[in-house]
Amino acid sequence: MVKFDQLLYGGDYNPEQWLEYPEILEKDLEYMRLAKINTVSVGIFSWAMLEPEEGVFRFEWLEEIVDRLYENGVSVILATPSGARPKWLADKYPEVLRVDESGHRNFFGGRHNHCYTSPVYREKVKIINQELARRLGNHPAVRLWHISNEYGGACYCPLCQEEFRRWLREKYGTIEELNRRWCTAFWSHRYNDFAQIEAPSQRGERELHALKLDWKRFVTARTTDFMRYEISCLREAGSKKPATTNMMYHFGGLNYAEMAKYVDVVSWDTYPTWHKEKEHVTALDCGMQHDIMRSLKKQPFLLMESCPSSTNWQSVSKLKKPGMLQAQSLQAIAHGSDSVLYFQFRQSQGASEKFHGAVVDHYGGSDTRVFREAAKTGASLEVLRELCGTEVHAEAAVLYDWENRWAMEDAQGPRNRGLFYKETLEKSYRALRRLGLNVDVIDMGKELDGYRLVAVPMMYLFKDGFAEKLRSFTAQGGTVLMTYWSGIVDETDRCFLGGTPHGLMDVFGLRSAEIDGLYDWESNTAVPTECGQGILKQIHTCRALCELVEVKGAKSVLTLGEEDCDAETEKGSEKASGSEKEMVMKCGESGHEKKTGKKCGESGDEEKSVDGHEKSDSGAEVLAVYGSDFYEGTPALTRNVYGKGTAYYICADFEQSFYDEVFDYAVKEARISIPPLAEIPQGVEVMQRDSGEASYLMIQNFSETEQEIIVTDPEYDVMFGKDPKRLKKYETVVFRKSAAGKKE
Ligand code: GAL
Ligand code: ZN
């Protein structure tokens, strides 16, 4: 794990734009001191300034600036400049430019507009990276390598296509195997040879989902390979400094879980649109991204970029209201960041980012509102210095997986006008966060050991071994809450045969039989059964997708439509108009004759399964049923005891309040410890970090009004912030408790 001695504070710095103004560069050092800036990232797009002509190097300006920064107590994150190539390179070696999916080579321009395969590009990157590494790679100012900048996009040139075929050959061995896994018997898509395969394209193959999925995997593999190549060049030239690359918000172009394996510390760039929606909605969204980034390595991460003021590429460039900069910055720290870094320190004078917010703007003074806010934030990070390197432990995790996202969003059906994967993920996340729990957001590859509860929203694609992992997690006492549209396809997007959720039907005590897509104006409800009343206090609405599941002993979708099976429920013929009380169904009376006589909380006749786990054979307990449509009365929420654990199944796209009630119950049942607060008012964010020596409770008010915070554990002392009894909007209070337990 990369350890820093202080929380890093600063940001992207582009002195090459100011070389003609030595007085400005001198001023910058003074401003950095005033704002308590201790770290800047340099060299990110400096290639043309470092190598103005092929083989001609001009490093003096950079070396001088790095020395000056060092003398002034500012450390450096040193970037490799591969994010944008010089014009001479593109002109002399056109193969370095990207080719789009219709086969056209781009002109020079932009940033990531280069081929990650091109031997020339790799060679030129090696030369410049090694020059950098030799000259500055062991400079005492340098803390970290910043590899390229926001990798993204793909190249479809002949070299990349060939590389794709090589990757496929390695993955599948034979073309027969590829044909089988890709289901190419459909639409006469059989390939006779790997040499025939082309990348997906709007002008060509765009329906073969397995091809598209593998192409996306390949793009991640290619980009990661390029990143690793860049790092290896630095190592070869003798620099051992740790390396990171900056990732992006909800970016679907790369599987960050893969990339993260090869960096020493994860970092990312955040540009939330504050003041657009309710602040706490934005805070939840941003918090979830922080948690995704932290969970990639389950270690502290770095906030590599954020905007000190307004962001000029957004549809509306909104100023941050007073206090927001500090709130946003401390939110990153609360979620496990060891830094607050901006894009950018000094606002550029021209080109496309001239109106992007910066610590120092075109006016050029420190007597600005934004500068004062930045200086205040810098001072607060000094107070919180001991949080650096502390960890965020979570007992609950929500699963989010890039490959699953790709596969699910690419598939046709069950709802092409919106599956709402991110929103569904957020519902589980929010239900846990409103209880003040630390939450990891992990991909399918991560271990589940150590968690008490995991939420598995819309895990359409199951990678090999995932079902077994979830099974043993449950068997050993874990609580799982999985939703509809899970366990449908395998790694190459082939539908599982023999029933879904694949490999887990006994764990959940049900089989998913059908899924109904709802038009935007349609909805259904979940009506609690007698068993479910302890969990659901009201009737909840669902939209978009309703899964119809088969549970032994419950009203069965198999018999729906058969006249003699028109089951009578307590609700009888009152239909959906009945009052809440009338709508409540009795457990075990949900209609079908195959009654089990099961009581609430009993999982039925249990027997040992082959692997020795307690196995429930009578099907899940039905906690809620649908309130309308032809599947009225069939299960909408179920629970099954499996081994020592519990498996909940959420059958439809329910509203947030449904998730809140179900998770409240499940969290208690799973005995997850909740933070020592009398109450968590809506809009207040709670996070905990731990060092082993001390625990830190960080509370932020993202609600619209002042809030009262009462910590019920007297061993916590306020270490940062004013009066917690009157926590104003955007304010943060941090409590500390030493592990020894005694107040110091
Ligand atoms: C980031 C990028 C920076 C800068 C910034 C502006 O995505 O890495 O170089 O362009 O956006 O918001
Ligand atoms: Zn290429």
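Two strands are taken to pair if DSSP finds at least two bridges between them; strands (E, at least two residues) and helices (H or I, at least four) are DSSP runs numbered from the N terminus. The model is predicted, so local features need pLDDT of at least 70 and side-chain atom pairs count only at pLDDT 80 or more, while totals for chains, interfaces and linings use all residues. Residues are numbered from 1 along each chain as written, chains are lettered from A and ligands numbered from 1 in written order, and side-chain values use heavy atoms, without hydrogens and water.

In strand S7 (residues 267-269), Trp 268 is the bridge partner of Met 247. S6 and S7 pair in the parallel sense over 3 bridges, within an open sheet of 3 strands ordered S6-S7-S8 with parallel pairing. Strands S6 (246-248) and S8 (302-305) stand at the edges with a single partner strand each, so one side of each lacks a neighbour in the sheet.

Turning to the metal site, the zinc ion (ligand 2) is coordinated at 2.3 Å by the SG atoms of Cys 115, Cys 155, Cys 157 and Cys 160; donors are N, O and S atoms within 2.8 Å of the metal (3.2 Å for Na, K and Ca), and water is not among the atoms, so sites may look incomplete. Along the chain, the donors follow the spacing C-x39-C-x1-C-x2-C. Cys 115, in the loop between helix H4 (87-92) and helix H5 (119-136), and Cys 160, in helix H6 (residues 158-172), are 45 residues apart. Both Cys 115 and Cys 160 are buried (under 20% relative accessible area, with exposed over 50% and partly exposed in between; 1.4 Å probe, protein chains only).
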